[in-house]
Amino acid sequence: MSQDNAIDEDVGDARKDLRRQAESILVEKSASAQAERPSYPTSSMSLEETQRLVHELQVHRIELELQNEELRRSQHELDASRERYFDLYELAPTGFCIFCETGIVEEANLTTAMMLGVDRSRLIQQPFSRFIHKADQDCFYLNLRQALKSSESQTFELRLVKSEEKTAWVQVVCVAIDDIEGNSKVRVGLTDITDRKTIEEKLHVRTAFFEAIANSPLDGILVVDTDGKMIHQNARVAELWGLPAEIAGNPDDTVQLQFVRMRTKNPQAFIDRVSYLYAHPEVSSHDEIELIDGTVLDRYTAPVRNQNGNYYGRIWTFRDVTEQKRSHRLQQESLDLLRKISSSVPGVLYQFRMRADGSGGMPYASDGLMQVFRVSPHDVIQDATPVFSRIHPDDLDGLQNAILKSAALLVPFKYDFRVRFEDGTIRWLSANSLPEREQDGSTLWHGYVGDATDAYESAIELQDAKLRLEEAQALARIGNWSYDVSTTKSYWSKQLFILFGFDHLEVEPSYEEMLGAFYPEDAAKLDEAVKRASLDGTPYSLVIRMLRPKSDVRYVRGEGRARRDADGKIVGLYGTAADVTAEIEREQALQVARNQADAANRAKSEFLANMSHEIRTPLTAILGFADLLRDEGNQTIALGQRSHAIDTITSAGQHLLTIINDVLDLSKIEADKATVELIETPLIEILREVEHLLRPKATGKGLTLEVKLSTPVYDKVLSDPTRLRQILMNLVGNAAKFTEEGFICITLGVLTSPEKSSLIIDIEDTGQGMTYEQAQTLFHAFEQADSTVTRKHGGTGLGLTISRRLAQLMGGDVTLFRTELGKGSCFRLTLPLIPAGDSVAVNRIESRAVSTTVNRHESPSVVGQILLAEDGVDNQRLVSFLLKKAGATVDIAEDGQIALEMLEKAIDSNAPYDLLLTDMQMPVMDGYVLAKELRSRGVQVPIVALTAHALAEDRQKCLDAGCDDYISKPIDKHALLRVCAKWISTRA
């Protein structure tokens, strides 16, 4: 039977079955249907035919109802099937999609879109490669082509890029199919394996770490099973125990145990401990084993168990701690030695640790902490608050800022501050320390704190003495000078610069410039006297006339003497210059008749006023720029003239002070007697200063300059600091001059003999050295070891002669300690060793720049528009700089007429000045006329007079002219700012 006949038969059977069901239903309903049966026309049909027709119709109706019921049931089943398909296809944990041959997505379930984190509408008809990591796109296309080519499924892994730019690992299964039209397609299944990949990566990392740990050269690792059989042993075990290859490779742990036990100092204890641990698998152990060769091994063992607690064996680790034990012992010995040393040193040796959160403690502090801070070292180990509570409130912020700066930049910490105790006692302390950064971010300082109260009090006394000396010189109108033949350098005191009208911040004037300040005929007499003094030492005293810009005559008394060495040879000149104009004028005034006394008094007053103006005007710029250098200068980078001025003022101050004292003592100068002092001398500070001053000269030639101690020395001794500094500068300067390569070493030490103790300072160089014959003439004045030296380096050969004479006056000597031609020389300075009362022993010298910090009072800010009327260029620069720095805006007028025009223009533009600061003596229109003119015009701008006239009648004269206030020259910066701020505030 054909397939079509079979189908027809199946359909016929279904129809028969359906009819039977309809017949059965009709019989059941026949009773009720009989009563309700309608009547039909009987025109041409017999009753039998009519009944059969009705029966057929009723059966057909029932068949239709049965068919409709079947259709409704089939539809319901179809809907249920669709829901199941949606659950299985759309929401399956695996992504399903269909690609065309070029990789365009034609169909995708919701899971695929969710994997990619995009809406499905954005996925359809898009190249799937857009969602694949660039490194995996070639893999995707290769497998796609392979699936289309072989018709076999392809399985591979790649990374998908989600919309939020995150990646996900998926396993891809693709197979080729044909659609109903015969087109080649690719059905793809995507399974997210990101978690599996993550676990695999972690497993790889752990495996790599385990292998690295197992093969670590630091620890020996041995793993045995429950029976004591070796599972794993790295090479470090064999290295630590010295195992032969045949024993190291034997898996039987007992063979290895028998070998290593004989290497221990106590074999039986070793075996007993191992046996105990094998018998007690729950026990862990950590101890040390000492071998017969002195090696110490750190041993650790623990049972190996899984998460369920099942015992699998035991792991052993061994580490060589011999060096650590030795280091710990040495460290302990060092700490004991440090405690012994620190107990004998005044002050506090300490460590201070500042943690990342800002808290701090002192892990170490010597017993001196109790004496200096009255705090026990034990109380500040973790918390240094007890120490900081002693800091004077006025110094606490500055101290904390210095600590933070040192921590941030890792620069040395140095700070001087006060402590205040409960009984009201206040002491000055000085702290120095070096910081280092620790691994946890903390900062650890190692340093020293000492009591500096006596030093501060001495500094204050010294400053007062220096100020009194400067005041005395200013009142006496006398300056001093000196000239060194060996160095061809001259030195001028500050008052001498003022006398000649030179800026004392510049270098000393040349000899020709100095002569040019006098009348030609007087300059010729002075030149002749100086040359005679240089040749035969004839002293001179001359009164000569000085040229002045305004043609007024100034009389100067010049005194000059020759300075000789021990052999009587002239090594330099020194002298004084004093303004004796007043004396000359008084002598002339005595010759005037009594009837001219009133006129003479008026002339005297005018003369004194002019003298005050001429002295104070240049003094304004001199003192003002000194303040600028002190306030704004940076000594570590100062260059040229600025550096030279700073070195002259600060570093040579003590030396010049001694010379000035000698000048004032005229009897000593006239007797040609050089004396030395025996006072407290900061030995270490002088060495640091010499190093600081001469290091640029050495390093400029490529030389190494080193300062070191051969023995502990006192930081302060009794000597002459000026002469000591002069000798060292000469000896070290010579070493730098005559050494072309290599080094210069300054070595300080103490030489003790039964009779006395001496201070020894050796200056060694790697210069050209000398022969025996050259050394014989070394200390002869005006002679040098080699005549070619004079041509190359200059000088007269007096330096060593001067140094030896000064050393002998101080009770010592300068000698040539050793020399060798072509290899260098060593000069030795020997001085009596007399420690100062509060000196301390030091063991090393650290190089640092010399600082001369001077405390200054704060000045008020000045905010406003100021007009400065001043004809002096230096004063214009100084005053405008001070005012601008304080916050003011400054305009400058060269004379009173220009100032008047600028004031009127400012008023017309509705931007008047807040203050007029005017010099009272100016060309064209002076300050008096300017003030009167402004007041006559009704201008109410505050006027402050700026003048060198300092007498009471001068002040009243300024006020009478219309000025509101008065400032005298030389200008005091703080007074200037206070007065300007006062009158600007009244203007506001």
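**Close-ups of a sheet and a helix pair**

**View 1. Five strands line up in an open sheet, in the order E2-E1-E5-E4-E3, and their pairing is antiparallel.** Keep in mind that this is a predicted model. Strands of a sheet pair through backbone hydrogen bonds, either parallel or antiparallel. Look to the edges and you'll find strand E2 (105–108) and strand E3 (154–161), each pairing on one side only. Going from one strand to the next, the twist averages 30 degrees.

**View 2. Here E3 sits with its partner, strand E4 (residues 167–178), and the two run antiparallel.** Eight bridges join them.

**View 3. Now for two helices: H9 (residues 253–261) and H10 (residues 267–279).** Two packed helices are described by the angle between their axes and the distance between the axes. For this pair, the axes come within 9 Å and cross at roughly 150 degrees. Angles over 145 count as roughly antiparallel, so H9 is roughly antiparallel to H10.

**View 4. Zoom in on the residues where H9 meets H10.** From H9 come Asp253, Leu257, Val260 and Arg261. On the H10 side they meet Pro267, Gln268, Phe270, Ile271, Val274 and Tyr278. Sorted by class, the contact has seven nonpolar residues, one polar and two charged.

Terms used. Residues are numbered from 1 along each chain as its sequence is written. This is a predicted model: local features need pLDDT of at least 70, side-chain atom pairs count only at pLDDT 80 or more; totals for chains, interfaces and linings use all residues. Side-chain values use heavy atoms; hydrogens and water are left out. Axes are lines fitted to C-alpha atoms, for helices over the stretch in contact, and angles run from 0 to 180 degrees between N-to-C directions. Helices (H or I, at least four residues) and strands (E, at least two) are DSSP runs, numbered from the N terminus. Angles under 35 degrees count as roughly parallel, over 145 as roughly antiparallel, 65 to 115 as roughly perpendicular and the rest as oblique. Contact means heavy atoms within 4.5 Å. Ala, Val, Leu, Ile, Met, Phe, Trp, Tyr, Cys and Pro count as nonpolar, Asp, Glu, Lys and Arg as charged, and the others, Gly among them, as polar. Two strands pair if DSSP finds at least two bridges between them.
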